[in-house]
Amino acid sequence: REDVLELTPNRASKEMLEHLAEQGVETFLDRFEAQQPQCGFGLRGLCCRMCQWGPCRISEKAPRGICGRDLNLVVMSNIVRALVAGLAAHGRHAHEVILTIIEAAEGRANFKLKGEQRVWELAEKFQLDTQGKDLSAVAKEVAFCLLEDLGRMTAGPMYMLEAYAPQERKQIWKRLGVLPRSASYEVMETLHMTTLGGCSDWTALAEQELRSALAYCYSTLFGSSMATEILFGIPKPKITQVNYGVLKEDHVNILVHGHSPVMVEKILEKINSPEIQELARTVGAKGIVVGGMCCTGDELLARYGIPTVTNIMGQELALGTGAVDAVVVDMQCVIPGLKIVADCFGTEVITTCNSNRIPGATHIPFDAENPANLDEDALKVARIAVESFAKRDRSKIRIPQVTTKAMAGWSYEAIKDVFGGTGEILRLLREGTIKGIVTVVGCNTPKVPYEYNHVTIVRKLIESGILVTTTGCCSHALLNAGLCAPEAAEYASSSLKELCQQLGIPPVLAVGGCVDNTRTLRLFIDLAEEAGVSLADMPFMFVGPEPGNEKTVGQGVSFLAHGVSNLVGFPAPIPVPVPKLKENAETHDDLDPGINDIVDFFGGEGLYEKVGAKVFTEPYPKLAAQTIRMHIRRKRLALGWK
Ligand code: NFS
């Protein structure tokens with residue numbers, strides 16, 4: 001706790017952590033402390049719970065589970081199961097957005113398709129016959145292709161993978177036999193392979209991991225990101241203010257939280273309507289503030305410059321300001337602790353997704369297959385949220401007065417445009433004005449001081465001339481730290497600083513929510529193609545400093561499959577340092593570091609030989625930055641770039 005309070009870079013988070021502790025309001029930190037010591041087996045993926053003979057723990061005394069599974073098999077099964085759990089989550093997100101396109105195209109959902117450019121692009125890439133068809137008809141056909149990528153049960157190819165994956169990678173994946181059928185099929189197959197009496201060959205599970213990651217990448221990530229662009233448009237950069245201080249005592253404050261941006265778009269429309277604005281005045285508020293959390297926040301930030309407040313681990317802290325009248329949540333990363341804090345401050349919690357219910361919350365669900373009541377329901381949500389202002393307990397308000405300037409909305413197109421095209425970015429990379437491009441992304445974990453790793457690593461990278469892209473919870477850390485404002489060019493190396501100042505951009509580009517990691521991936525793919533080399537040879541890296549959610553596993557492996565190495569902080573589901581197991585080991589410290597086949601596979605030659613990328617793990621952010629810099633340097637030297 002002392003570490004968190006001392007090292008957390010955002011002054012506002014620190015203030016809220018102290019304030020809530022003083023008030024005796026329970027947060028993740030209290031529960032984290034109560035859980036200590038955490039199980040050393042679980043920490044390293046050595047606990048097998050895939051049948052009811054167990055649970056089995058792999059140790060020196062008992063090197064095999066009851067069924068005979070050894071360490072490699074247990075660890076690998078746990079990793080690939082986590083990956084497909086994340087795949088399922090992003091898949092459900094993609095499903096909702098894609099279905100909404102169909103409903104909108106058929107006139108049942110009241111949305112006008114704003115991403116015309118993306119519709120025609122995808123239609124062409126998927127080689128659809130568009131002759132004589134209007135936008136709605138073509139969008140619907142595109143949506144059905146995306147749905148097929150989510151659910152196909154026979155051999156591919158997947159539309160999206162065919163359309164966007166680089167040729168050199170397709171050949172590698174074909175040779176490895178890891179081309180996927182679809183998101184749903186690979187979830188099914190992974191659970192099948194890892195159940196009791198399933199696959200006993202961990203290397204086959206490693207292949208299934210790559211296969212699942214490709215389904216994850218091309219179906220659920222590309223699918224969600226591009227389907228959202230079809231519905232709501234392709235973001236453009238804009239300047240705004242973020243952080244806890246955007247909440248205003250004399251305004252209605254509504255936080256939106258989760259991942260799917262569909263219903264929240266409608267709610268936003270209603271909030272801006274004269275009726276709801278008038279209602280706000282009637283209840284005595286000066287206006288309405290909408291603030292974003294997690295990936296729903298990122299989506300609204302990117303498209304409309306709606307201020308973001310915080311990420312997954314800040315959700316309780318934001319409610320702890322006592323100034324939030326309502327929090328509207330859709331799907332994923334909404335922790336049960338949110339409601340505990342909400343109840344302490346009388347915050348109205350409104351759930352909008354049938355998959356994400358919270359006991360005691362007001363439930364007004366959005367059903368993408370039956371959107372007839374969408375407008376009415378969105379209005380209801382807006383009304384409840386605004387009316388809640390009158391009930392607010394004003395004695396409990398404590399808003400940290402910290403706001404931070406930020407520039408966000410860096411879509412793939414926006415990045416290319418601002419630099420003047422892929423060729424120009426490649427030129428800057430070659431001459432060393434930009435040393436490399438690293439995407440720093442992912443969640444938070446209570447295992448490291450809150451947001452410290454994200455911010456420390458990124459500061460070091462831009463100091464070394466590395467351009468950074470970011471999404472998800474990491475982006476909130478960097479946004480609130482001021483690293484996404486053009487003024488942050490100050491902290492960059494002299495050449496990167498000069499470049500950023502000349503273009504008026506920050507050295508850290510917030511590209512959107514986690515599904516928008518595909519924007520960075522597309523950029524990486526284009527740049528490697530332009531350079532005429534394999535993606536694995538480029539000075540790029542994927543960094544997840546504070547991994548938390550199962551969804552982050554597939555993010556990393558997606559980039560690995562493309563030849564982009566990963567650096568992950570502690571704790572990764574990859575078991576490092578891997579124990580040479582001691583008898584009766586109980587805690588983290590009791591287990592000696594050692595080497596086994598799985599670590600060798602990810603961090604050594606195994607995976608590298610297959611895809612040209614490996615996983616580095618480094619829990620200490622300054623050392624992590626050093627490792628990243630060395631990786632970039634090695635790639636540059638091999639290319640003959642100074
Ligand atoms: Ni990504 Fe979004 Fe955050 Fe982690 Fe959750 S918000 S999809 S999973 S916790 S970065």
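These legends describe close-up views of a predicted model. Residues are numbered from 1 along each chain as its sequence is written. Local features need pLDDT of at least 70, side-chain atom pairs count only at pLDDT 80 or more, totals for chains, interfaces and linings use all residues, and side-chain values use heavy atoms, with hydrogens and water left out.

**View 1. The nickel atom of the ligand and C514.** The only protein donor of this nickel atom is C514, through SG at 2.3 Å. Donors are N, O and S atoms within 2.8 Å of the metal (3.2 Å for Na, K and Ca); water is not among the atoms, so sites may look incomplete. The 4 donor atoms subtend angles of 90 to 168°, which makes the arrangement irregular. Four donors count as tetrahedral if all angles lie between 85 and 135 degrees; four count as square planar and six as octahedral if opposite donors are over 155 degrees apart and all others between 65 and 115; anything else is irregular. C514 sits in the loop between β13 and α23 (517-531). Helices (H or I, at least four residues) and strands (E, at least two) are DSSP runs, numbered from the N terminus.

**View 2. Strands β12 and β13.** Strand β12 (residues 466-471) runs parallel to β13, and 4 bridges join them. Strands pair if DSSP finds at least two bridges between them. V468 stands opposite V508 in β13. In β13 (residues 508-512), 5 of the 5 residues are buried, so the strand is largely enclosed by the rest of the structure. Buried means under 20% relative accessible area, exposed over 50%, partly exposed in between (1.4 Å probe, protein chains only).

**View 3. The salt bridge of K339 and D343.** Their closest N and O atoms are 2.7 Å apart. A salt bridge is a side-chain nitrogen of Lys or Arg within 4 Å of a carboxyl oxygen of Asp or Glu. The count by this rule is 35. K339 and D343 lie 4 residues apart in helix α16 (residues 337-345), about one helical turn. K339 is buried at 14% relative accessible area, whereas D343 is exposed at 51%. Elsewhere, salt bridges with shared partners link R118, E121, E229, E413, D516, R519 and R522 into one network.

**View 4. Two further salt bridges.** E26 pairs with R31, with 2.7 Å between the closest N and O atoms. E26 is partly exposed at 36% relative accessibility; R31 is partly exposed at 26%. R152 meets E148 at 3.8 Å, N to O. R152 is buried at 7%, while E148 is partly exposed at 37%.
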